[in-house]
Amino acid sequence: MFNDIGPLELVTLIVLAVLVFGPDKLPKVIQDVMRTVRKIREFSESAKQDIRQELGPEFKDFEFEDLNPKAFIRKQLDNDELGLKEIRNGFDMKKEMAEVTDAVHGRDADSSTGSSSSSSSSSGDRVDMKKKPEERPPYDADAT
């Protein structure tokens, strides 16, 4: 419920509660708040039980937490019926990164694996990024 409250914020809330309610009324206020929270939880649980009874036996494994989209998607992705784990494990990230690195450096993926291909036909399509231009374009002071 209060998972994102840090220690400093908790101390600030306690000091503020002592200042607002006073040290003598604070235990009574805490008891009242806890009693209200318990009643709300009991009401929520009874409502859940009523809904489950009304839905019938075919929804006996229905969980209200599944109505949260994140929880529903996480549950469906963890389900192995779709074969998503096989697809996820089928990706070889090291191989993919090696292919990207080879493409960036201008090496053929086939030549790095050992098969010889004609690099003369494929080098005509590529631009050599290491090659320096012969002359620089003229400087235009108005363009900058």
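In the predicted model, 5% of the 144 residues of the protein chain count as buried, and the accessible surface comes to about 13600 Å², of which 59% belongs to carbon and sulfur atoms. The chain contains seven helices and zero strands, so that its pattern, read along the sequence, is α-α-α-α-α-α-α.

Helix α1, which covers residues 7-21, has 15 residues and spans 21 Å from its first C-alpha to its last, close to the 21 Å expected at 1.5 Å a residue. Just after this helix, G22 adopts a positive phi of about 85 degrees. A nonpolar surface patch of about 380 Å² is formed by L13, L16, V20 and F21; of these residues, L16 is placed in α1 and is partly exposed, with a relative accessible area of 47%.

Three salt bridges are found in a search of the whole structure. In helix α2 (residues 26-55), K28 and D32 lie four residues apart, a separation of about one helical turn, and their closest N and O atoms are 3.3 Å apart in a salt bridge. Elsewhere in α2, K48 and E45 lie three residues apart, about one turn of the helix, and their side chains meet in a salt bridge of 3.9 Å, N to O, with E45 partly exposed at 43% relative accessibility.

Key
Residues numbered from 1 in each chain as written. Predicted model: local features only at pLDDT ≥ 70, side-chain atom pairs only at ≥ 80, totals over all residues. Heavy atoms only, no water. Patch = residues over 30% accessible without salt bridge, like charges linked within 9 Å, V, L, I, M, F, W, Y side chains within 5 Å. Areas by Shrake-Rupley, 256 points an atom, 1.4 Å probe, with all protein chains shown as cover. Salt bridge = Lys/Arg side-chain N within 4 Å of Asp/Glu carboxyl O. Helix = DSSP H or I, 4+ residues; strand = E, 2+ residues; numbered from the N terminus. Buried < 20%, exposed > 50% of the residue type's maximum accessible area, 1.4 Å probe, protein only. Expected span 1.5 Å × (residues − 1).
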